[in-house]
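Please examine the sequence and the structure shown here before reading on.

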Amino acid sequence: MRLTNRDRQIIEFLKEFRVVSTSDLMELFGFNQPNCSRRMNILMEEFKDIKVMRYNPSHNFYDNGYKCKLKNENIYYWKRKSKAIEHDLLINKFYMELLKGEDYRVKEFKREHRITLEDFTVVADAYILIEYKGREYEYLLELENNKSFNYKKYYRLEQEGILVP
């Protein structure tokens, strides 16, 4: 099988983001429904690390309407199924919305960004580097969709001078 540039982009996306829904693939890579399914089936035959599951909403996830949009969709994942599929898919949606910005540029979006100090480690859901009007801005994304946010670890990073409010 000959890989296209789009195939390589899909594989890199799956490696970095771990999961992607059919509708996200269609939006990100310009597929229509039949071509998306066909291409993903071909990629799964070639790359055994790409797996698929049918979306089954969890009962502990706050239903903000997003679950309804995912019903009857395939969710593709890299190597092993995530324990937090809705969480990962919402991060994908956040990333996709960032890409739509017209007056800034997303230079980097790195999942599971680790910041290690001497006595503790913070793992943010994502590190984001954006260029806006010639300047670079760094952000950490922490998405909490089913529990209260633990701000103390980020407060500590601020106290250490690593984060600027």
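## Basis of the description

The model is predicted: local features need pLDDT of at least 70, side-chain atom pairs count only at pLDDT 80 or more, and totals for chains, interfaces and linings use all residues. Residues are numbered from 1 along each chain as its sequence is written, and side-chain values use heavy atoms, with hydrogens and water left out.

## Overall organisation

The chain contains six helices and six strands. These elements are DSSP runs numbered from the N terminus, helices being H or I with at least four residues and strands being E with at least two. Along the sequence their order is α-β-α-α-β-α-β-α-β-β-β-α.

Of the 165 residues in the chain, 38% are buried. Here buried means under 20% relative accessible area, exposed means over 50%, and partly exposed lies in between, with a 1.4 Å probe and protein chains only. Among contacts with a separation of 6 or more, 55% join residues 24 or more positions apart; a contact requires heavy atoms within 4.5 Å.

## Helices α2 and α5

Helix α2 (residues 22–29) packs with helix α5 (residues 85–99) at an angle of about 20 degrees, and their axes are 11 Å apart. Axes are lines fitted to C-alpha atoms, for helices over the stretch in contact, and angles run from 0 to 180 degrees between N-to-C directions. The angle therefore makes α2 roughly parallel to α5. Angles under 35 degrees count as roughly parallel, over 145 as roughly antiparallel, 65 to 115 as roughly perpendicular and the rest as oblique.

The crossing of α2 and α5 is left-handed, a term used when the near helix is turned anticlockwise from the far one by less than a right angle. From α2, Asp24, Glu27 and Leu28 take part in the contact, and from α5, Leu89, Asn92, Lys93, Met96 and Leu99. These residues comprise four nonpolar, one polar and three charged. In this classification Ala, Val, Leu, Ile, Met, Phe, Trp, Tyr, Cys and Pro are nonpolar, Asp, Glu, Lys and Arg are charged, and the others, Gly among them, are polar.

## Helices α1 and α3

Helix α1 (residues 5–17) and helix α3 (residues 33–46) pack at an angle of about 70 degrees, their axes lying 12 Å apart. The two helices are thus roughly perpendicular. Asp7, Ile10, Ile11 and Leu14 of α1 meet Arg39, Met40 and Leu43 of α3. This contact has five nonpolar, no polar and two charged residues.

Leu3 lies in the segment before α1 and is partly exposed, with a relative accessible area of 24%. Beyond its neighbours within four places in sequence, Leu3 is in contact with Arg8, Ile11, Leu43 and Phe47. Leu3 and Leu43 are 40 residues apart along the chain, with their C-alpha atoms separated by 8.9 Å.

Glu73 lies in the loop between α4 (66–70) and β3 (74–78) and is buried, with a relative accessible area of 10%. The side chain of Glu73 reaches the backbone nitrogen of Thr22 at 3.1 Å, and a polar atom of that side chain lies 2.8 Å from the backbone nitrogen of Ser23.

Asp88, in helix α5, is buried with a relative accessible area of 1%. Its side chain makes a polar contact with the side chain of Arg18 (2.9 Å). A polar contact is a pair of N or O atoms within 3.5 Å; within protein, one must be able to donate a hydrogen and the other to accept it, and residues adjacent in sequence count only if both atoms are side-chain atoms.
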